[in-house]
Amino acid sequence: MLRLKGTVILTIWWQVLLMGIYSVVIALIHDYTSWKMNYTLSLVSVMGMVVSLLLVFRTNTAYDRYWEGRRLWSQMTLSIRNLTRGIWVCVAEKETRDLLEKKSAINLLVAFAYSTKHYLREEYGYNYEDMVDLLNNIPKYSIPTSTEPMDWRTDVPAALDGLHQQPNLTSFLSDRSRHSISGAGRARRAAKSQALAFDFLTPTNIPVELSFYIGSYIKSCSNKGQVDPATLTMMNNALVSMVDCLTGFERILRTPIPLAYSIHLHHATWIYLLALPFQLVSSLQYLMVPAVMLSAFTLLGILGIGYEIENPFNDDYNDLPLDDFCKVIQAEVNAMIANRAPVPTDWIFSDNNYPLSNSHMSAKQLLGLSLEEVHRLMEQDGNRPTAVNYSRPVGANTQGEEHPSVSIEITPADAGPSARFSNEKEELK
């Protein structure tokens, strides 16, 4: 199925058209002038092989960056899930204060995902619709700001006052203070172009700041004895993994393909395409025009794909859908904490729990037996590996009528139960 959305056709079509016009001019010169371009195909073969190898390397390198970004985001999601589970289930909840602390800490985990998305897109403000409500309780971010780095004169923390600012940095920042945040794609890109990160300092690295607050909560739980040592280790490891993923994202974002290599590949591709009509015009005549255009479409398309996916964190069609990833994390976390942490007695001793495959007795019914009797049932259950019991009470139908229980038992003839339990089904009826 032919489609334009998400392809590089809209980016390279004018270059392909330009190569077509160029090929027509070469064909007319060959046909109507004395300049007969009867060149051999040796240059096409040699240059084609070199350009192909360079393009393959370029595309593989770009896709490796794309896949590494996806792998790191999956690892971060896993850490957020584990930390949410550890906080919600394993942290002791004795009073209302404990519950509110747990919910506030879990909100910061969701905010970590959203702030990471904005940080990777070079959007350094906090006042974005998807995360502003999650950060209002953080004192440092309670004052609205823009998508630019904080001003050295007013927003740099005290510990950073001793750093020397670069020449003209203050004027550079003040000139960009007029730009505000917008959620629309065009306005976002315009704001992003005004909000640059600097190698010496990025004062609005919100994910790192959030990790401090999450770590302080974990430390508080440890001090109050609300978690056991194993759970505490798991929670700290999950937080370390989240920061590790953030560092991996920064490595991809701040380490592009070397500029010299990208420029040389671009030049080599165009030299090959510009030389191609001279090699084909004598043998193909005017059929050389569509052949050159097809070659240009193929090579320039591969080159464009490499540039497209080199940075997988933007909001273009072929980039990672970070917005959807963050929404999935938020939906999962909200579903986890929508109910109280499960209590084992509520689901283990339920009327619908039948722990023994060869017995129709539920866990609640088995609770009335002695420990020795349950062990005997389990021994019989283990000695009858081919026994299957699908006996379960069936609920009422749509007309409110009760269906009879359905039982299908397949039991070897020599593996009969003891006298006490041979008639347990009839006794329970």
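Colleague: How far does H9 reach from its first C-alpha to its last?

Modeller: Keep in mind that this is a predicted model. H9 has 26 residues, and at 1.5 Å a residue you'd expect 38 Å. The model comes close to that, with a reach of 37 Å.

Colleague: And at the start of H9, which residue's side-chain oxygen reaches to the backbone nitrogen of Ala230?

Modeller: Look at the start of H9 and find the backbone nitrogen of Ala230. A side-chain oxygen comes to within 3.2 Å of that nitrogen, and the residue it belongs to is Asp228.

Colleague: Let's step back a bit. How many helices and strands does the protein chain have?

Modeller: The chain is 429 residues in length, and 39% of them are buried. Its secondary structure comes to 17 helices and two strands.

Colleague: On to H3, then. How far apart are its end C-alpha atoms?

Modeller: Helix H3 covers residues 96–120, which makes 25 residues. At 1.5 Å a residue they should span 36 Å. The model agrees with that, because the end C-alpha atoms are 37 Å apart.

Colleague: Is H3 largely enclosed by the rest of the structure, or largely open?

Modeller: Count the buried residues: 18 of the 25 in H3. A residue counts as buried when its relative accessible area is under 20%.

Colleague: How many salt bridges does the structure hold?

Modeller: One network of them joins Lys117, Arg121, Asp130 and Asp323 through shared partners. Another salt bridge pairs Arg254 with Glu122. In total, the structure holds twelve.

Colleague: Take Arg58 and Glu310, which form a salt bridge with the closest N and O atoms 2.9 Å apart. How many residues apart in sequence are the parts this pair ties together?

Modeller: Arg58 lies in helix H2 (residues 42–90), while Glu310 lies in helix H11 (residues 288–310). Arg58 counts as buried at 1% relative accessibility, and Glu310 counts as buried at 12%. The pair therefore ties together parts whose separation in sequence is 252 residues.

Colleague: What about Glu332 and Arg81, buried or partly exposed?

Modeller: Their side chains meet in a salt bridge of 2.8 Å, N to O. Glu332 lies in helix H12 (residues 322–336) and Arg81 in H2, so the pair ties together parts that are 251 residues apart in sequence. Glu332 has a relative accessible area of 25%. Arg81 comes to 35%, so, like Glu332, it counts as partly exposed.

Colleague: Last one: where does Glu122, the partner of Arg254, lie?

Modeller: Arg254 and Glu122 form a salt bridge, with their closest N and O atoms 3.3 Å apart. Arg254 belongs to helix H9 (residues 229–254), and the pair ties together parts that are 132 residues apart in sequence. Glu122 follows H3 and has a positive phi, near 60°. Its place is the loop between H3 and helix H4.

Methods:
Residues are numbered from 1 along each chain as its sequence is written. This is a predicted model: local features need pLDDT of at least 70, side-chain atom pairs count only at pLDDT 80 or more; totals for chains, interfaces and linings use all residues. Side-chain values use heavy atoms; hydrogens and water are left out. Helices (H or I, at least four residues) and strands (E, at least two) are DSSP runs, numbered from the N terminus. The expected span of a helix is 1.5 Å times one less than its number of residues. Buried means under 20% relative accessible area, exposed over 50%, partly exposed in between (1.4 Å probe, protein chains only). A salt bridge is a side-chain nitrogen of Lys or Arg within 4 Å of a carboxyl oxygen of Asp or Glu. A polar contact is a pair of N or O atoms within 3.5 Å; within protein, one must be able to donate a hydrogen and the other to accept it, and residues adjacent in sequence count only if both atoms are side-chain atoms.
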